[in-house]
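Work through the exercises below with the sequence and the coordinates at hand. Each task sentence is followed by a solution that goes step by step.

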Amino acid sequence: MKKITAGLFISLDGVVEAPDQWHFPYFNDEMGAAVDGQLGTADTLLLGRVTYDSFAGAWPDREAAGEEDASFAKKLGDMRKIVVSRKPLEFTWRNTEQLQGDVVEAVTALKNEPGDGSIGISGSVSIVRQLLAAGLLDELHLLVHPIAVRKGMRLFPDGNTPVRLKLLSSATFQTGVLYLVYGPDTEPREGGYEEARTHLPAE
């Protein structure tokens, strides 16, 4: 069974929209290694249409330019890329196909394909939300930037059902970015103030 990981740049107030407008001042070698560790090691890339359009509009040209980011661009180009969209699409970036059918059912089938590779997701917030709700996401990699953007779409919108996660690992970068990796929390959580007060410091 394949592992599914999702990576997101996120602000301190939970904004994940248009990170190109606020996250680049915090990008350093540590963040580059984190992105490559989550995304660059996958053999399949799952993307929403908007994220795909952004990637396809940039990475092929970066690969062709042959500069510092060319090797990472080639790695993305060589991957199998699957795009989620309700409308029929045509692709110019190599190794790209469109997801067929219901997202949850199709991703479940991808997850159960033979092999021990991983499926990486970058951005594509609507897909991340659906896979979290369906219990299909194995790891959520959040690069939390020390900035409150104060506008834009947030990762978790208002709703009635809590999303419970378990912290798998954490790291602090020199820029102040927190690299937090979460997995699903399947343990029951109960308790109230009566239980919590026993952990307050005694005199």
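**Exercise 1. Find how many residues line the largest pocket and which lie nearest its centre, then describe the lining by element and by class.**

Step 1. The largest pocket of this predicted model is lined by 45 residues, and those that lie nearest its centre are Thr51, Phe55, Ser122, Gly123 and Ser124. A pocket is here an open set of points on a 1 Å grid over the protein atoms alone, where a 1.4 Å probe fits and protein lies on both sides within 12 Å along at least five of seven lines, and a lining residue has an atom within 4 Å of a point.

Step 2. Two or more lining residues come from each of strand E1 (3-11), helix H1 (29-40), helix H2 (49-56), helix H3 (59-65), helix H6 (125-134) and strand E6 (139-145); H1 gives the most, with 6 residues. Helices (H or I, at least four residues) and strands (E, at least two) are DSSP runs numbered from the N terminus.

Step 3. Sorted by class, this lining holds 23 nonpolar, 15 polar and 7 charged residues, where Ala, Val, Leu, Ile, Met, Phe, Trp, Tyr, Cys and Pro count as nonpolar, Asp, Glu, Lys and Arg as charged, and the others, Gly among them, as polar.

Step 4. The volume of the largest pocket is about 1400 Å³, a volume being the space filled by probe spheres set on the grid points, which are joined across faces, edges and corners.

Two conventions apply throughout: residues are numbered from 1 along each chain as its sequence is written, and side-chain values use heavy atoms, with hydrogens and water left out. Because the model is predicted, local features need pLDDT of at least 70 and side-chain atom pairs count only at pLDDT 80 or more, whereas totals for chains, interfaces and linings use all residues.

**Exercise 2. Are Gln38, Tyr52 and His23 buried or exposed, and which residues do they touch?**

Step 1. Gln38, found in helix H1, has a relative accessible area of 7% and is therefore buried. Beyond four places in sequence, Gln38 is in contact with Thr5, Ala6, Gly7, Gly120, Ile121, His141 and Tyr179.

Step 2. His23 belongs to the loop between E1 and H1 and is buried, with a relative accessible area of 3%; leaving aside neighbours within four places in sequence, His23 is in contact with Phe9, Met31 and His145.

**Exercise 3. Locate Ala18 and Arg150, and state what phi each has.**

Step 1. Ala18, in the loop between E1 and H1, has a positive phi of about 50 degrees although it is not a glycine, and at 25% relative accessibility Ala18 counts as partly exposed.

Step 2. Arg150, in the loop between E6 and E7, is also a residue other than glycine with a positive phi, near 75 degrees; its relative accessibility of 71% makes Arg150 exposed.

**Exercise 4. Describe the protein as a whole through its elements, burial and contacts.**

Step 1. The protein has 7 helices and 8 strands, and buried residues make up 41% of its 203 residues.

Step 2. Of the contacts with a separation of 6 or more, 70% join residues 24 or more positions apart.

Key: Buried < 20%, exposed > 50% of the residue type's maximum accessible area, 1.4 Å probe, protein only. Contact = heavy atoms within 4.5 Å.
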